[in-house]
Amino acid sequence: MAKTAADWNAKPKFPATHYVDSRIYTEQEIFDEEMQKLFKPSWIIACHESEIPNAFDYRTFIHPTGVPLIIVRGDDMKVRSFYNICPHRGNTILYDPSGNAKRMTCIFHAWSFDTRGNCIEISRAEQGYQNRFSKEDASLREVKLEIGLGGFVWVNLDDHCGSLRDYIGQSLGVLEPFMEQPMEVFHFNRAIVNTNYKLWHDTNSEFYHDFVHYFNRITGMMQPGYFQRKYTAFPNGHASVGSMSIQYDKYEGSKERAVGWPGL
C-alpha cells in the first residue's frame with residue numbers, strides 16, 4: 001500500500017538510538033561543523049610520494065575543508081606542505097595540478113618563494129617597505145606532513161595534532177605487509193561528486209551492495225572467506241573489514257553473458 005503524506009513524514013519505528021535524521025545529509029550548518037571537528041584535525045592523504053620523485057616537483061591539493069595546499073619536494077629532497085596562498089594579498093600561488101618549480105612565484109605581485117617555504121624575493125621591497133618589512137617576514141604557512149606506509153603523503157591542518165602512527169593505530173594492520181613493498185601511482189583521475197561525503201561512504205560500506213555487481217559475485221562473494229569477514233572498529237573512527245580470497249581467474253573478461261540478477 002502506498003504511503004500518505006503523514007505516513008511518509010513519520011519517523012521509522014526504530015529505537016531512538018537507531019534513528020538517523022536525514023538532516024545530517026542536507027544541512028549546511030552540520031556539514032560545516034563536521035569539516036571543522038572531523039576533517040580539520042584529521043590526517044588526510046594528499047598524494048603519493050611517487051608523484052613528486054624529483055627535487056622541486058610539486059602537486060597541488062584541495063583539503064576536504066576547502067583549504068588549497070602545495071605538496072612539494074625541496075632541494076634537500078624533503079617533502080613539505082604549504083598553504084597555496086600568497087601571504088601578501090591571499091592570491092593562489094600555483095595553479096597547475098602538478099609540475100616542477102625551483103621557485104614558486106605569485107602572479108599578482110611576483111613575490112617568490114623557494115621549496116622550503118622561504119620568501120626569496122619581494123618586488124620593489126626597499127621602495128615599498130624600507131626597513132619595516134622584508135622577505136624574511138613573508139614565509140609561506142607550513143602544514144604538518146608525514147609520509148606513511150606505502151609512501152602515501154598525509155597532511156594535517158592542526159599544528160598540535162598527534163603523530164600519524166598514533167592516529168592510524170592498528171587499523172591498517174591487515175595491509176601493512178603489502179604496503180611495505182615499493183608502490184607508485186600509474187594513473188590519476190579526479191572526479192567531482194556533488195553529494196554529501198557520508199552518502200558516498202555509506203554506499204561503499206555496505207556488504208549488501210556487493211551483490212548487485214556480477215563481477216564482485218563471481219570473483220569474491222562465491223569464494224572462501226567472504227561471509228566469514230568481520231567489521232572491526234578502531235580508535236579515531238577507523239574501521240576495517242577482514243581479508244578474503246579473490247579469484248580473478250573466475251573473471252572471464254568481455255565474454256558475452258547474461259549479466260544481472262539470477263533468474264533474469
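In which helix is phenylalanine 178 found?

Analyst: This is a predicted model, and the description below should be read with that in mind. Phenylalanine 178 is found in helix α5, which covers residues 176–179. With a relative accessible area of 60%, phenylalanine 178 is exposed, because a residue counts as exposed when that value is over 50%. Phenylalanine 178 also belongs to a nonpolar patch on the surface, formed with Val174 and Leu175. Together these residues have about 290 Å² of accessible area.

The C-alpha atoms of leucine 175 and alanine 5 are separated by 48 Å, and the two residues are 170 residues apart along the chain. Alanine 5 has its place in helix α1 (residues 5–9). At a relative accessible area of 56%, alanine 5 is exposed.

Next come the aromatic rings. A search of the whole structure finds 6 aromatic pairs. In one of them, the ring centres of phenylalanine 31 and tyrosine 197 are 6.4 Å apart and the planes stand at 50 degrees, so the pair is tilted. This pair links distant parts of the chain, since phenylalanine 31 is in helix α2 (residues 28–39) and tyrosine 197 is in helix α6 (residues 197–204), 166 residues apart. Phenylalanine 31 counts as partly exposed, at 26% relative accessibility. Tyrosine 197 is partly exposed too, with a value of 27%. Ring pairs also bring in Phe39, giving a cluster of Phe31, Phe39 and Tyr197.

Another pair joins tyrosine 226 and phenylalanine 227. Their ring centres are 4.9 Å apart and their planes are at 80 degrees, so this pair is edge-to-face.

Helix α8 (residues 214–221) gives a view of buried positions. Its buried residues are Arg217, Thr219, Gly220 and Met221. Among the elements that cover them is α7 (207–210).

Charged side chains are the next topic. Side chains of opposite charge can pair when their charged atoms come close. In this structure, a search of the whole finds 11 salt bridges. One of them is between lysine 37 and glutamate 33, at 2.6 Å from N to O. Both residues lie in helix α2, 4 residues apart, about one turn of the helix. An α-helix has 3.6 residues a turn, so residues three or four places apart point the same way. Lysine 37 is exposed, with a relative accessible area of 57%, while glutamate 33 is partly exposed at 40%.

Aspartate 21 and arginine 23 form another salt bridge, with the closest N and O atoms 2.8 Å apart. Aspartate 21 is partly exposed at 24%, and arginine 23 is partly exposed at 45%.

The side chains of arginine 80 and aspartate 76 also meet in a salt bridge, at 2.8 Å from N to O. Here arginine 80 counts as buried, at 10% relative accessibility, and aspartate 76 is partly exposed at 34%. Salt bridges with shared partners join Asp75, Asp76, Arg80 and Arg116 into one network.

Alanine 110 lies in the loop between β6 (104–105) and β7 (112–113). Although alanine 110 is not a glycine, it has a positive phi of about 65 degrees. Its relative accessible area of 34% makes alanine 110 partly exposed. Asparagine 236 is in the loop between β11 (231–233) and β12 (239–241). Asparagine 236 is not a glycine either, and it has a positive phi of about 65 degrees. At 49% relative accessibility, asparagine 236 counts as partly exposed.

Definitions and conventions:
Residues are numbered from 1 along each chain as its sequence is written. This is a predicted model: local features need pLDDT of at least 70, side-chain atom pairs count only at pLDDT 80 or more; totals for chains, interfaces and linings use all residues. Side-chain values use heavy atoms; hydrogens and water are left out. Rings of Phe, Tyr and Trp (its six-membered ring) pair if their centres lie within 6.5 Å; planes under 30 degrees apart count as stacked, over 60 as edge-to-face and the rest as tilted. Helices (H or I, at least four residues) and strands (E, at least two) are DSSP runs, numbered from the N terminus. Buried means under 20% relative accessible area, exposed over 50%, partly exposed in between (1.4 Å probe, protein chains only). Patches are made of residues with over 30% relative accessible area and no salt bridge: like charges are joined within 9 Å, nonpolar side chains (Val, Leu, Ile, Met, Phe, Trp, Tyr) within 5 Å. Accessible areas come from the Shrake-Rupley method with a 1.4 Å probe; for residues, only the protein chains shown count as cover. A salt bridge is a side-chain nitrogen of Lys or Arg within 4 Å of a carboxyl oxygen of Asp or Glu. Contact means heavy atoms within 4.5 Å.
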